[in-house]
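Open the structure in your viewer and keep the selection tool at hand. The tour moves from the whole chain to single residues.

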Amino acid sequence: MLAELGNFALVIALMLAVLLSIYPMWGAYRDHDKMMAMAKPLAIGMFLFTAFSYFCLTYAFVTDDFSLAYVANTSSMSLPIYYKYTGVWGGHEGSFLLWVLIFSLWTVAVAIFSKGIPTKMVARVLAILGAVGIGFYLFMLVTSNPFDRLLPFYPIDGKDLNPLLQDFGMIIHPPMLYMGYVGFSVAFAFAIAALISGKLDSTWARWSRPWTIAAWAFLTLGLALGSWWAYYELGWGGWWFWDPSENAAFMPWLAGTALMHSLAVTEKRKVFKSWTVFLAIAAFSLSLLGTFLIRSGVLVSVHAFASDPGRGLFILGLLVVIIGGSLALYALRASEVKSDGRYQLISREVFLMGNNVFLTAATIVVVLGTLFPLVHKELGMGAISIGAPFFNQMFTYLIVPFVFFMGLGPLSRWKNQSPQALYKQLLIAFGLSLAAALLINMNYSEPSYMAALGLVLSFWVIVTTIMEIHQRITPALSQGMGVVASLQQLTRSHWGMVTGHLGFAVMLIGICLVSAYSVERNVRMAEGDSVNINNYEFVFKGVFAHQGPNYSSDMGKVEVFEDDEFVTTLTAEKRFYPVQRTTMTEAGIDSGFTRDLFMALGEQLKNGDWSIRIYVKPFIDWIWAGAFIMALGGVFSISDRRYRMAKLNKNKGKKHSQGEQPT
Amino acid sequence: MNPRRKKRLLAVSAVLVVLTGAVSLMLYALSQNIDLFYTPSEIIEGKEGVIPEVGQRLRVGGMVVEGSVKRNQDTLDVSFDLTDTGPIVTVSYHGLLPDLFREGQGIVATGVLTSENHIQAHEVLAKHDEEYMPPELAEKLKGIKHVNPNQTSPNEY
């Protein structure tokens with residue numbers, strides 16, 4: 001019964017989305033305040049009904065209602081209770097329900113937290129979100145309804161949640177990722193609303209910026225969590241596979257990163273306006289493209305949902321309407337946009353443009369590498385695959401100039417930068433980063449050139465970032481202010497940038513060291529055998545049987561000694577899930593600041609030996625730590641006072657000081 | 001030409017040069033990294049009349065022949081036969097086989113063709129699903145497009 005109510009609630013949410021797309025837009029067109037005021041309650045209603053629908057599906061999971069096809073396919077009686085809550089997004093239909101729930105949440109957030117933005121703009125933004133929502137809700141109800149019943153004949157027990165998803169990383173990965181994916185719809189809505197209004201000024205960029213940064217930060221976290229999960233759950237010890245589904249999320253991330261920086265230029269300098277709008281459209285379109293690729297099953301991937309051409313066709317249609325419509329509007333309006341700002345060749349604007357060029361190039365590489373096999377096949381030229389080396393090679397080329405600009409941008413001034421002053425700083429920065437990189441790289445017995453290059457790049461970012469802070473606080477210091485006080489003067493959004501860039505450097509250090517200095521051994525071991533890697537000794541202690549709640553497992557133990565001193569016992573599992581008759585590998589990992597020890601069981605060979613993977617991965621945790629720091633930078637940026645200023649300014653009319661301090 | 005236009009021209013041409021360079025590099029890297037997909041019968045009999053050359057990188061997808069898996073007793077070297085509709089190719093591999101590698105199961109291997117019916121693989125993939133057959137293979141065998149044989153079962157995320 002509750003499931004039917006859930007379904008009904010979804011239909012109502014769809015109706016509200018339809019109303020939301022019409023009334024406020026019309027109101028904005030006719031200058032009708034009451035119609036525009038409809039936007040907020042409609043958005044809230046859409047959210048409440050979607051949330052109710054989500055609650056109904058969760059209830060069906062918790063109560064083991066296997067008469068629902070989706071529950072029967074993704075849950076079972078023996079599934080632990082916490083996985084029943086998270087299993088709601090363990091398959092296509094439910095994860096899309098989570099998707100629309102998050103979408104409606106963003107919409108409500110825009111409706112509530114936009115007090116400083118003119119009513120007309122908010123009305124348009126919400127109307128566009130409503131229009132996008134129509135597509136999402138229709139997709140859900142038409143092609144992938146999680147409330148479909150299996151009546152009258154339904155199974156006694158479900159098929160169980162995919163064992164790969166019975167894991168903590170999987171609990172938080174999809175919501176984070178969807179927050180990011182769907183969050184770009186807000187940036188998109190702002191861009192389109194600005195296009196419709198014809199007022200593409202810097203205020204638009206200021207309104208859109210915190211939303212874009214928020215979406216970007218979530219996407220960063222989502223990607224990092226996915227990578228972390230793949231590392232410990234897939235049992236290969238890799239952290240990025242250039243799998244189509246990873247690429248699907250990586251494309252909007254790259255475009256979103258470019259958008260974030262371009263928005264900064266548009267807000268501060270009133271230039272790159274049409275380019276920024278274009279990026280906003282691109283980031284959201286790439287989110288949708290990624291969704292299409294994964295959910296239609298056209299690409300083969302570890303993430304592929306059961307393929308269904310109908311779904312693919314629907315999303316493709318949605319993609320065509322959204323991209324086509326917005327690009328048409330863009331073409332119509334972009335010519336009217338005039339840049340007011342002037343800038344010289346050596347200026348921050350140009351360096352940020354450089355950053356955008358390389359981010360765009362990276363996006364194109366990923367899009368091409370992901371779509372090329374598809375096109376190749378559809379053209380009848382046979383099935384092909386593009387391996388990871390392609391992407392690795394391209395990103396190695398791209399990252400050098402990209403990081404170069406990344407150091408240059410913050411150090412230089414808007415409009416016009418004197419080359420001489422910059423040149424001196426750069427030389428010092430380069431010398432420092434080269435020295436630091438070489439010193440670190442010398443520690444390894446077989447130094448690698450690639451690692452040295454990567455380290456130089458990382459330290460380049462770190463050194464220039466520190467120089468930039470120093471440059472910023474110099475005026476305050478010379479006025480006799482203390483270091484702490486002058487550091488406190490810097491705005492939150494400035495700290496956001498600094499944190500973000502440092503996070504990137506941390507990640508880069510992790511990536512280059514783990515790529516160059518990982519030691520991977522696939523060995524065959526009997527009880528008592530040992531393997532030496534660097535100064536670690538791994539002693540195999542045998543395999544023991546173990547019984548979990550819905551699986552049985554073989555647990556292998558390996559004791560690790562460093563220079564004959566006991567470090568830890570690694571426990572890896574080979575789990576067998578009887579309901580799905582699936583075997584799963586759980587790696588045994590000891591994480592450390594400078595290295596991870598990794599162990600995974602292969603299989604038992606005929607004479608009782610086991611094949612075992614034993615890896616030492618230096619600095620691998622820095623990759624995810626870096627991503628986390630980057631996301632933290634996003635949080636700092638959003639919390640900047642400037643974004644709440646509009647609200648304060650509005651109240652200033654009433655002559656309340658509201659604690660506004662001079663900056 | 002006034003100085004501002006000159007600078008703009010310079011900026012635009014710099015961007016163009018970088019773009020051209022990037023695109024050509026990308027296409028070159030792409031051409032180096034394409035692995036064509038073959039079935040065992042296509043390796044033996046040729047794909048559209050073209051038999052793959054020895055030394056070529058490729059992907060092969062097929063079913064592991066029952067009883068063909070041979071392991072070296074001391075190392076992790078393993079070899080097995082793959083088939084689809086008749087012809088058989090042998091795949092050698094050093095390392096750990098995936099969890100769901102089993103005789104009679106569909107797998108995909110990436111590697112180099114070392115003789116007309118032997119592949120030295122550096123990667124062997126099997127899907128986390130009992131009834132899984134590589135989609136490329138399913139398509140070849142059944143002539144159906146885009147239909148995953150395990151459509152009814154919940155797939156991976």
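What follows is a list of stops, each with something to select.

**Before you start.** This is a predicted model: local features need pLDDT of at least 70, side-chain atom pairs count only at pLDDT 80 or more, and totals for chains, interfaces and linings use all residues. Residues are numbered from 1 along each chain as its sequence is written, while chains are lettered from A and ligands numbered from 1 in the order in which they are written.

**Stop 1: chain A.** The C-alpha trace spans about 80 × 75 × 55 Å along its principal axes.

Now colour by burial. A residue is buried if 20 or more other C-beta atoms lie within 10 Å of its own, exposed if 12 or fewer, and partly exposed in between, with C-beta atoms placed from the backbone. Buried residues make up 53% of the 663 in chain A.

**Stop 2: the cores.** Nonpolar cores are sets of buried Ala, Val, Leu, Ile, Met, Phe, Trp, Tyr and Cys residues joined through C-beta atoms within 7 Å. The largest has 217 residues, and those with the most contacts inside it are Ala39(A), Leu126(A), Ala187(A) and Phe190(A). Helix H9 (residues 202–233) of chain A gives this core its largest share, 19 residues. A second, separate core has 23 residues, including Val91(B), Tyr93(B), Val108(B) and Leu113(B).

Which residues does Ala39(A) touch? Not counting residues up to four places away in sequence, they include Leu20(A), Pro24(A), Val122(A) and Leu126(A). A contact means that two C-beta atoms, placed from the backbone, lie within 7 Å.

**Stop 3: helix H3.** Select residues 39–62 of chain A. This helix has 24 residues and reaches 35 Å from its first C-alpha to its last, close to the 34 Å expected at 1.5 Å a residue. The expected span is 1.5 Å times one less than the number of residues. Asp64(A) follows H3(A) and has a positive phi, near 55 degrees.

Stop 4: Strands S3 (530–533) and S4 (536–547) run antiparallel and are joined by four bridges; strands pair if DSSP finds at least two bridges between them. Val531(A) has Phe538(A) as its bridge partner in S4(A). Two residues lie between S3(A) and S4(A) in this hairpin, and Asn534(A) in the turn has a positive phi of about 50 degrees. Continue to S5 (552–562), joined to S4(A) by 11 bridges, again antiparallel. His546(A) stands opposite Ser553(A). The hairpin from S4(A) to S5(A) passes through four residues.

**Stop 5: two loop residues.** Is Asp31(A) buried or exposed? It counts as exposed, with 9 C-beta neighbours inside 10 Å. Asp31(A) sits in the loop between helix H1 (2–30) and helix H2 (33–37), with a positive phi of about 60 degrees. Phe619(A) also has a positive phi, near 60 degrees, but counts as buried, with 21 C-beta neighbours inside 10 Å.

**Last stop: Leu605(A).** Select the loop between S9 (595–604) and S10 (610–618) of chain A, where Leu605(A) is found. Its contacts beyond four places in sequence include Arg524(A) and Arg71(B).
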